[in-house]
Amino acid sequence: MNLQDMIDVAQAIVAPGKGILAADESDSTIQRRFDSIGVESTFENRRDYREGLFRTAGAAEYISGVILYDETLRQDGADGTPLVEVLSSQGIIPGIKVDKSTKPLAGTDGELVTEGLDGLRDRLSEYADLGAKFTKWRAVITIGDGIPTRRCIEANAHALARFATLSQEAGLVPIVEPEVLMDGDHDIDTCYEVTTDTLREVYYELGTHRVALEGTLLKPNMVLSGKDASDRASAEQVAEMTVNCFLNTVPAAVPGVVFLSGGQSDDEATVNLDAINRYAATCGAPWELSFSYGRGLQAAPLKAWNGSAANIPAAQAAYYHRAKVTSAARRGEYTAEMEEAAD
């Protein structure tokens, strides 16, 4: 794809009312999720669960793209149809997680850096041939005693920029994901400061590496209180501080922001997304503010499926409902009453 093609894909992903299903769990992550429902994480079970979600009738009304894991990008459905084709035939854009997860950052106390740049150019070429249209790379920033350090933020921002420029070289839209974790008891002001510092460094590095921002998307955390904070901020505070943080850090050339759910419950992620869009509408925020949820879209269908083929329709109904109400939040039109019926 040339730059205009990448711009078109980026804009299609954040089309009004639509967002991303993050189905890119690593082997260890999907095993933990399956363990939570007492289901063995086999090749067949992973395929059946994900294929069930991907074949949900009507989901394309709310879901514009799906981030896949390496295994899933290569996987065929039970009838032999490649899962990439299952998505593409509905107008849903397939993407791929390309990082190799986090490792301890040498010389720091518990901080992390994301690996996977070695051999990335060749992998990106292969992923494009397999049908991927966009990519994702996650960096992790932890708030704690004396952290994050400047060194950690700079190392992760540099890696994100190298990933992004390699992705665009391969004609793939990079989704840049610098996640400030909500683990801890910090207040929302601390999250604001760390998120601001992180995003400023990320966009400095993207500029240094000559990444065309109009052909990218940002997948950030919301500005939140730590999950163990004694007095967690309201949705209205989250919305105001998140949007104001981005107004100070994220260039208007970026077509859209696709928030991660980041450990929030289904309800919290939906309510906060709704509040963010309502607030953004009052201050002329220049980007589409969408979603790229994993747990926020999958917790309910995973529980409904419970490892049984007979439960696939129930899982699809739960997924469709979560996609529908999250789409409403993405438009700033969510109400609690929407949770009462999964129609």
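How many bridges join β3 to strand β6, and which way do the two strands run? Three bridges join β3 to β6 (residues 134–141), and the pair runs parallel. Strands are DSSP runs of E with at least two residues, and helices are DSSP runs of H or I with at least four; both are numbered from the N terminus. Two strands pair if DSSP finds at least two bridges between them.

The model is predicted: local features need pLDDT of at least 70, side-chain atom pairs count only at pLDDT 80 or more, and totals for chains, interfaces and linings use all residues. Residues are numbered from 1 along each chain as its sequence is written, and side-chain values use heavy atoms, with hydrogens and water left out.

Strand β3 covers residues 93–97. Strand β3 is mostly covered, with five of its five residues buried. Buried means under 20% relative accessible area, exposed means over 50%, and partly exposed lies in between (1.4 Å probe, protein chains only). I93, G95 and K97 point one way from β3. P94 and I96 point the other way. Residues on both sides of β3 are buried.

The next topic is the nonpolar interior. In soluble globular proteins, nonpolar side chains tend to be buried together. A nonpolar core is a set of buried Ala, Val, Leu, Ile, Met, Phe, Trp, Tyr and Cys residues joined through side-chain atoms within 4.5 Å. The largest such core has 94 residues. Those with the most contacts inside it are F54, I63, V66, L206, F259 and W305. Helix α7 (residues 150–169) gives the most to this core, with nine residues. L206 touches L160, A161, A164, V176, V211 and L213, leaving aside residues up to four places away in sequence. Contact means heavy atoms within 4.5 Å. A second, separate core has 14 residues, among them M6, V9, A10 and I20.

Helix α11 spans residues 295–305. Its buried residues are G296, L297, Q298, P301, L302 and W305. An α-helix has 3.6 residues a turn, so residues three or four places apart point the same way. Q298 lies in α11, and its relative accessible area is 4%. The side chain of Q298 has a polar atom 2.9 Å from the backbone oxygen of A22. A polar contact is a pair of N or O atoms within 3.5 Å; within protein, one must be able to donate a hydrogen and the other to accept it, and residues adjacent in sequence count only if both atoms are side-chain atoms. Q298 also touches L21, A22, A23, E25, R33, Y49 and L53, not counting residues up to four places away in sequence.

N306 follows α11, in the loop between α11 and α12 (312–330). Its phi is positive, near 55°, in a residue other than glycine. N306 is partly exposed, with a relative accessible area of 41%. R210 is not a glycine either, yet its phi is positive, about 60°. R210 sits in the loop between α8 (188–208) and β8 (217–218). At 78% relative accessibility, R210 counts as exposed. A cis peptide bond joins I147 and P148, with omega about 10°. P148 is in the loop between β6 and α7.
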